[in-house]
Amino acid sequence: MAARKKQKAYLRFNLNGEVIEVAFAPHKTLLEALREDLALTGTKHGCELGECGVCTVLLDGLPVLSCLTLGLDVEGRDVMTIEGMANGAELHPLQDTFADLGAAQCGYCTPGFLLTAKELLEKNPHPTREEIKDALAGNLCRCTGYIKIYEAVELAAARMRGEPAEAPREAIYGCP
Amino acid sequence: MAARSIGNGKPKNVVGKPYRKVDARAKCTGQTRFADDIALPRMLYAKLLRSPVPHALIKSIDVSRVLKLPGVVTAITGKELPRTYGILPVSQDEHTLCIDKVRFIGDPVAAIAAVDEDTAFDALDLIDVEYERLESIASIPDAIATSEPRIHDYGDGGNVHKRVALEFGDVDEGFGEADLVREDVFFYEGNTHLPLEQHAAVAHFDPDGKLTLWSSTQTPHYVHRALAKVLELPASHIRVIATPNGGGFGGKSDPFNHEIAVCKLAMITGRPVKITLTREEVFYCHRGRHPVLMWVKTGVKQDGAITAMHFRSFLDGGAYGSYGVASTFYTGALQTVTYDVPRYKFEGVRCFTNKPPCGPKRGHGTPQPRFALEVQIDKIAEQLQIDPAEMRQRHLVPAGSTTANYLHVGSMGLGKCIEKVVAGSDWKNKFGKLAYGRGVGIACSAYLCGAGLPIYWNNMPHSGVQLRLDRQGGVCVMCGSTDIGQGSDSILAYIVAEVLGIDPFDIRVVTADTDLTPVDLGSYSSRVTLMTGNAALQAAERARELLTLAVAEKLGAPIENIGFAERRAFDVENPDRCVTFAEAVQLAESKFGTIGTVGSYTPPRSPGKYKGAGVGPSPAYSYSAAVAEVCVDPETGIVTVDRIWIGHDVGRSINPALVMGQVEGSVYMGLGEALMEEMTYRANRNVVHKFPSMLEYKSPTTLEMCDVTTYLIEDPDPNGPFGAKEVGQGPLLPVPPAIANAVYDAVGVRVDEVPITPEKVLAAIRGRAQGKEPRYGPKTVPEIAWPRSIKVMTPAEGGTGKEMPREAVHARE
């Protein structure tokens, strides 16, 4: 019945903190395996050529484009998707600040931005605005103009450093 | 009680506060289900075979080979869906799959359903299509010069889709009174929405003969109507659910061929069918910004007061009608609502070309003329030696007035916007005073808060809301509106929460489902906050009235004393005498039965009664002013925008954080259009799209995005819920002309077209060095026979909004 003979590959890796096993067509990208074979649809697709960043996941803690990563390459490795970012019901500080500031408008690019920003803050707890721009330059957003995203990353960074920070008033109400 | 609407008063608890969006948590945890995230048991995958040639007759299509491929379940061609459709009643010119003719590279000719997506891709190669090539039409001059072959057999002759001409007052008399008359030509290149989510749709035809379509559409109501027409099913048997859109910007506002095709495939196979477009296909769907060539003649007095304006626009419409007739009128509609234009003439023409169809993109038909107008005003100010900010400020349209073309302006906060950006940017110390290579520019704009008329003629409300209150204290708000990321679901919750004194997160919002929610026309024309907001306000006030009666009786207090806040209903003179909100619902349910209310909104009638008066009227207009500061490298022509100061008159912010996000996002999109975004085709008759990928279609990343300083001006409008006006589109408009004007201030050359690429800047700088005009841009517009103008006397002349009778026109001439 199927168009061609298929033999599924069998893979075991650590996904969002749990060891999982999955069988899937071996030519599939990690993006396809996640969305189609593991039903984790939080990881998005946007361009099919590694340009937009919406498919970003963390592979061994580093952001990678899952549309350009073969599923077979993650055998035995550690993958985090957006579904694994919160600690149970408790949001990651970045998820909290993205939600509070409206850094997620349509929300389609949001998982990629959140995971990229998470890795940034892990290696650099005190990034400057320029460092944030550099880190996020591979993720496109068509809604926000990026500004609410920068502000959310800065606010989360401050809170993760233990500072009782709030968003600047101008970010929410505009300049007086 | 109903007369004392809370919506005209000052909000207290929720409105004006930066609450989270009701769907924020889902969007930040990957839980939001977009169309392509839906998977149903036994689901098939569809693909469309698209034309590889721009203009051709279809001699034959043969699907016999593809049907033999294992895994292919069915294949269809255009013959199975013979009825045409289109978003506007006057342009029903699309077939789901082309039957006899293809009109652009990407036009679909066949659809297949297969067991998986790989098989569906492979199957496309096995469909045999024979084409007979026709001469293709690649540009506006091409279309005007080439009457045969015609792309469509309707329209205003040859390859002209639509010609319009309107004249308000005697413009020649106005030019005669002017101290200075300028004529300029501008070009605004087409560009596309580029939503990060590719369009996707899933159809399911159930055993009872009912069809359900989930689709990433901004306009489920119009899709519903198109499906009923083309599939020849009763509309009552069709359910359209708009999934949250992963970016819309106008690009998901038409009914699309892929939506109809998956429905047909689901009906034939009895299985759910999904289609997800590739990024390349999204470029072919397009419906983006029309390329527009413009000629504008403006007469002014010494102080900059406009005496008359004559505006001509030439639109490259692409291969189908789409919203194009409306787009054409929009290129001539809103010139009059910023600065006073006492006499005004507009002529517009839209051509068919063999390119993906153009349609509505953020600002629909108005960023192009706004660019032309604001750059020309800059040139006029220079000639009159008046500061361009001051000249604009002097001649604003007064609040509460009616323009020459019969648009009623309510609140008007543009003056305050200009003040803010002039002060914030230190304009007076920068304009004309910065070193060579650095400059500032200013521009202003206005936009609709919802189209005053629906797309198809009817007298029904534009937006409906149903509220259900349950005895546990839960409130469900149902509305047909579609959340495309702007936060429209949240706006419903905030307004209902404000009126009922509960928390927005107590409310369940059900939207964009034609089976469950009353009609809202869709997320376009910046109509949603104003129209659904007013409908929600009415429904909530009706519910509050029922609760008030029941609570007053229980507390033995006069009904005018009953207040609602903090999930309680209480006697305002003695707030300790209270019931919980849930108890209030129980009291009301005991007294009246199950509590449900409805609200609806219909815009006020427009004073314009002439043919063409349907485009432009709106319950209110938002205003924006922007100052751009740029750095231009004279060696490379590269323009870097350092900062944009923008003031936006939003009437009132229902949620200021969301308003800020819309302003910043609009500035971003305006920046992209100004500097880099373009939908262009190879310069030959093959009309091959140059950039159908995200790698080559340039859009701003974090590294190109400028800093933004935003000022929110709150000048409440009597027609807005709590005074609110739009913010989703308007703030884009002043950005491209402000940047163009800043480039001139920086290096003294005019780039009279967008995008302002380094090549164009450099060509103008080099041209100047060679003694040529320091300008890059079009010099002429094509000759065309314009139709006789519809002549209308302006309100100032005592006009009634109706077209002048022929004899009267004759007598005056």
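Colleague: Into which domains is chain B divided?
Modeller: A word on ground rules: this is a predicted model, in which local features need pLDDT of at least 70, side-chain atom pairs count only at pLDDT 80 or more, and totals for chains, interfaces and linings use all residues. Residues are numbered from 1 along each chain as its sequence is written, while chains are lettered from A and ligands numbered from 1 in the order in which they are written. With bounds from an automatic or database domain assignment, chain B is divided into domain 1 (6–32 + 460–601), domain 2 (35–134 + 198–244 + 252–285) and domain 3 (292–453 + 608–776).

Colleague: How many charged residues are on the side of domain 2 of chain B that touches domain 3 of chain B?
Modeller: The C-alpha centres of these two domains lie 37 Å apart. Their contact (C-beta atoms, placed from the backbone, within 7 Å) takes 20 residues from domain 2 of chain B and 21 residues from domain 3 of chain B. Ala, Val, Leu, Ile, Met, Phe, Trp, Tyr, Cys and Pro count as nonpolar, Asp, Glu, Lys and Arg as charged, and the others, Gly among them, as polar. On that basis the domain 2 side has eight nonpolar residues, five polar and, to answer you, charged residues numbering seven.

Colleague: What is the radius of gyration of chain B?
Modeller: The C-alpha trace of chain B spans about 85 × 75 × 60 Å along its principal axes. The radius is taken over C-alpha atoms, and the globule rule is 2.2 Å times the number of residues to the power 0.38. For 813 residues, a compact globule would come out near 28 Å, which agrees with the chain B value of 27 Å.

Colleague: Which element supplies the largest share of the side of chain B that touches chain A?
Modeller: The contact takes 48 residues from chain A and 54 residues from chain B. In chain B, α1 (24–28), α3 (117–123), α17 (656–675) and β28 (707–713) each supply at least two residues. The largest share, nine residues, comes from α17(B).

Colleague: Is T29(B) buried or exposed?
Modeller: T29(B) sits in the loop between α1 and β1 (44–50) of chain B. Leaving out residues up to four places away in sequence, T29(B) touches I82(A), A86(A) and Q95(A). Because T29(B) has 24 C-beta neighbours inside 10 Å, this residue counts as buried.

Colleague: Which strand gives the most to the side of domain 1 of chain A that touches domain 2 of chain A?
Modeller: Chain A has domain 1 (9–84) and domain 2 (93–173), and their contact takes 15 residues from domain 1 and 11 residues from domain 2. On the domain 1 side, β3 (56–59) and β4 (62–65) each supply at least two residues. With three residues, the strand that gives the most is β3(A).

Key. Two residues are in contact if their C-beta atoms, placed from the backbone, lie within 7 Å. Helices (H or I, at least four residues) and strands (E, at least two) are DSSP runs, numbered from the N terminus. A residue is buried if 20 or more other C-beta atoms lie within 10 Å of its own, exposed if 12 or fewer, and partly exposed in between; C-beta atoms are placed from the backbone.
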